[in-house]
Amino acid sequence: MVKYGQLVIGPPGAGKTTYCHGMYQFLTALERGVHIVNLDPANDTVPYPCDISLSELISVRDVMAELDLGPNGAMLYCMEYLEHNFDWLEERLARLEHDYVLFDIPGQVELTTNHPSLKRILERLQKQEWRLVAVHLSDATHLVDPSRYIALLLLALRAMLMLELPHINVLSKMDLLDEEQQESLPFSLDYYTEVQDLHYLTDYLGETQPRLARMCEVLGEVVEDFGLVSFETLAVEDKASMLHIVEVLDRAIGYVAEGAA
């Protein structure tokens, strides 16, 4: 039987845990069965109902103590350990009642940009008829700084190329980007979400931050050459915003809710 999953990724502070909790509540209100799998071995206290937690198998705290590793090294070790003990995850996923799962992924960007263990775990899930979509969250307040925006574009592009999944980039916490901040942006919000004509941003930087302009010009050309990155916007507390994201994600993996036409 085909199963479906959202792989919730993004840097620390992007709102992954809040998103998982809000998405769980929203789907439950729609009477759609959903489970949450917490694959962050450093976070064993979460606000949402967790059906599977990697900390039951291994924890960052224990690895740091036993192997004398720092937090990042311990996190990578934990993901490698999960890869080598994939049966543990496979058995627990098979026990879940519903066919739709939210996977809460740690915020270490190495896991989605260059370290291979997470990708290999996802490949094994896909071979077992899992249809997965990556939901890449980025803090919308980064839009106020053009150089931070360019950094978001590069991170999103690298994750898309690494994971090779249906991929939806989401500007989260839109409720924190108030009207005054949006009006202060040099371009309209659509410019940032559609990621087109980045040379306009370079020209703007040439006038305001000339030392960054050349670097952003080169990096912007890389992003535009691939033509892959765009963003959806999200405020978790807004029902219309959540419904839009759900519809986008459902289309990405071909999910049809039970009873839908």
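## Cavities and a helix contact

About 30 Å³ of space lies in the second largest cavity of this structure. The model is predicted, so to speak of local features takes pLDDT of at least 70 and side-chain atom pairs count only at pLDDT 80 or more, while totals for chains, interfaces and linings use all residues. Residues are numbered from 1 along each chain as its sequence is written, and side-chain values use heavy atoms, without hydrogens and water.

A cavity here is a set of points on a 1 Å grid over the protein atoms alone where a 1.4 Å probe fits but cannot get out, and lining residues have an atom within 4 Å of a point. Points are joined across faces, edges and corners, and a volume is the space filled by probe spheres set on them. The count comes to two cavities of 30 Å³ or more.

| Cavity | Volume | Lining |
|---|---|---|
| Largest | about 50 Å³ | five nonpolar, five polar, no charged |

Nonpolar covers Ala, Val, Leu, Ile, Met, Phe, Trp, Tyr, Cys and Pro; Asp, Glu, Lys and Arg are charged, and the others, Gly among them, polar. His136 and Thr112 are among the residues lining the largest cavity.

Now to the helices, which are DSSP runs (H or I, at least four residues) numbered from the N terminus. The axes of H3 (residues 71-84) and H4 (residues 86-94), lines fitted to C-alpha atoms over the stretch in contact, come within 4 Å and cross at roughly 70°.

Notes: Axes are lines fitted to C-alpha atoms, for helices over the stretch in contact, and angles run from 0 to 180 degrees between N-to-C directions. Helices (H or I, at least four residues) and strands (E, at least two) are DSSP runs, numbered from the N terminus. On a 1 Å grid over the protein atoms alone, a cavity is a set of points where a 1.4 Å probe fits but cannot get out, and a pocket is an open set with protein on both sides within 12 Å along at least five of seven lines; lining residues have an atom within 4 Å of a point.
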